[in-house]
Amino acid sequence: MDQPLHPTLDAPLDGPIVGPAPVPDADPRVGKVLDARYLLERRIGAGGMGTVYAGRHVVLGFEVAIKVLRPTHESESVQLERLKREARAASAIGNPHIVKVRDFGTAPGGETYVVMELLRGRQLFEVIHEAPMPWRRVCHVAAQIADALCAAHRHGIIHRDLKPENVLLVESEGDPDFVKVLDFGIAKLERVDKKLTAHGQLVGTPEYMSPEQCRGAELDARSDIYALGVLMYEMLTGLVPFEAEDPMELVRLQMMEAPTPPSELTPERRI
């Protein structure tokens, strides 16, 4: 059986640290009960905002994934607001292809956390890098991602960091490729006045950022559609349209260059 995967925390530009294998339990929180409600059974990952644990509700017994905000002296209030916004965004959309948020709170010790469903499946990143995916499978996966994005866009929410690490394929009702989109932690709510993601600030992962996102311009739903196009390109070929070691060179390529059509890729450039 696949190991549990989990909704990960956002880490702009370098992506989240994520993996199915538990991290050794040197973490002092492991084995303790958070906010008198959630037993933290093991640490399963970390990201730019904090740590993710697998656990369970101590009374009802159901399994959950719990994100605990990392204390920081820098921009702590902004990170807290971003975590709150992620919880609100994901719970408000209510789409089966978006990870479910179950709870949000602050423990007596000051630890802020968000509780989500614990998922078992595989990252799209892993699947892509085994071999290019057949067109029919690409269409099936992409259509579900598009459904999730469409639901988010109807609520005025732009994901802004769609990438293979933020897409899980889980088994549901006999479908081994049922999509769950993760990490609305840097999502922008179009209908709010307070802008935690400031105009002119680059937020996202360069390989999947639209040209306007690379410029730091105002975004709308089309940026997510661009990222979905990059995902489809990568699912079909095993490659992203633009590659460079320097993130700023990637930004330049996204803004200034046209990608090589998949039909023109040479065999040595494919997986």
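1. Let me start with the helix pair: α3 and α5 cross in a right-handed sense. This is a predicted model, by the way, so read everything below as computed from it. The angle between the two helices is about 165°, and their axes sit 10 Å apart. Since angles over 145 degrees count as roughly antiparallel, that makes α3 roughly antiparallel to α5.

2. Now for who does the touching between these two helices. On the α3 side the contact is made by W135, V138, V141, A142, I145, A146, L149 and H153. From α5 come A221, D224, L228, L231, M232, M235 and L236. Sorted by type, the contact residues of α3 with α5 are 13 nonpolar, one polar and one charged.

3. As general background, nonpolar side chains in soluble globular proteins tend to be buried together.

4. Which residues does L162 contact, leaving aside its neighbours within four places in sequence? They are I145, L149, V167, V181, Y208, D224, A227, L228 and L231. Two of these, I145 and L149, also belong to the α3 side of the helix contact, while D224, L228 and L231 belong to its α5 side.

5. A36 is not a glycine, yet has a positive phi of about 60°. A36 is found in the loop between β3 (33-34) and β4 (38-46), and with a relative accessible area of 66% A36 is exposed. E173 is the other case: not a glycine either, with a positive phi of about 50°. E173 lies in the loop between β11 and β12 and, at 86% relative accessibility, counts as exposed.

6. On to the loop between β5 (50-57) and β6 (63-69), where V59 has its place. Is V59 buried or exposed? At 67% relative accessibility, V59 counts as exposed.

7. Not counting residues up to four places away in sequence, F62 touches G55, R56, H57 and R102. The C-alpha atoms of F62 and E117 are separated by 9.3 Å, although these residues are 55 apart along the chain.

8. Finally, the overall tally. The chain holds six helices and 13 strands. Of its 271 residues, 51% count as buried. Taking contacts between residues at least 6 apart in sequence, 61% join residues at least 24 apart.

Methods. Residues numbered from 1 in each chain as written. Predicted model: local features only at pLDDT ≥ 70, side-chain atom pairs only at ≥ 80, totals over all residues. Heavy atoms only, no water. Contact = heavy atoms within 4.5 Å. Axes fitted to C-alpha atoms, helices over the stretch in contact; angles between N-to-C directions. Helix = DSSP H or I, 4+ residues; strand = E, 2+ residues; numbered from the N terminus. Parallel < 35°, antiparallel > 145°, perpendicular 65-115°, else oblique. Left-handed = near helix turned anticlockwise from the far one by under 90°. Nonpolar A, V, L, I, M, F, W, Y, C, P; charged D, E, K, R; others polar. Buried < 20%, exposed > 50% of the residue type's maximum accessible area, 1.4 Å probe, protein only.
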